[in-house]
Amino acid sequence: MRLIEGFADKFIPFAIHGDGFPCMGVGKSWGKVMDAWEWSSLLCGARSKQCVWLIFLVHQVLRGSLNGYATLDGVFKRMAWSLNCIYEGKRPT
């Protein structure tokens, strides 16, 4: 990143974290999970509850992967599109 000229003017250090957690039937063989994806600033000095923001949350049963469509792929494409708009400084249409 430092090799890009003017990186300090364009880049904001943040982290994206994804995690799965049980939401139904905790500890059971039939248990279901949810995926949570969050972002946080790497410069934040406050407690984590004040720095971590939810991007999206999806239940295991609602994730699709049939007929060439994958829910998580679609979400990540949209996240990349949004971050690219921020980088370019353009308002999306």
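Colleague: How many aromatic pairs are there?
Modeller: Keep in mind that this is a predicted model. Ring centres have to lie within 6.5 Å to pair. By that rule, the number of aromatic pairs is four.

Colleague: Take Phe14 and Trp39: is that pair stacked or edge-to-face?
Modeller: Their ring centres are 6.3 Å apart, and the planes sit at 85°. Anything over 60 degrees goes down as edge-to-face. So Phe14 and Trp39 are edge-to-face.

Colleague: And how many residues apart are Phe14 and Trp39?
Modeller: Phe14 belongs to strand β1 (residues 14–24), while Trp39 is in strand β2 (residues 32–41). The pair links distant parts of the chain, and the separation is 25 residues.

Colleague: Is Trp39 buried, partly exposed or exposed?
Modeller: Its relative accessible area is 36%. Buried would need under 20% and exposed over 50%. Phe14, at 33%, also lands between those limits. That's why Trp39 counts as partly exposed.

Colleague: What about Trp37 and Phe56, stacked or edge-to-face?
Modeller: Here the centres are 6.3 Å apart with the planes at 15°. Planes under 30 degrees apart make a pair stacked. This one joins strand β2, with Trp37, to strand β3 (residues 52–59), with Phe56, 19 residues apart. Since 15° is under that cut-off, the pair is stacked.

Note on methods:
Residues numbered from 1 in each chain as written. Predicted model: local features only at pLDDT ≥ 70, side-chain atom pairs only at ≥ 80, totals over all residues. Heavy atoms only, no water. Phe/Tyr/Trp six-rings, centres within 6.5 Å; stacked < 30°, edge-to-face > 60°. Helix = DSSP H or I, 4+ residues; strand = E, 2+ residues; numbered from the N terminus. Buried < 20%, exposed > 50% of the residue type's maximum accessible area, 1.4 Å probe, protein only.
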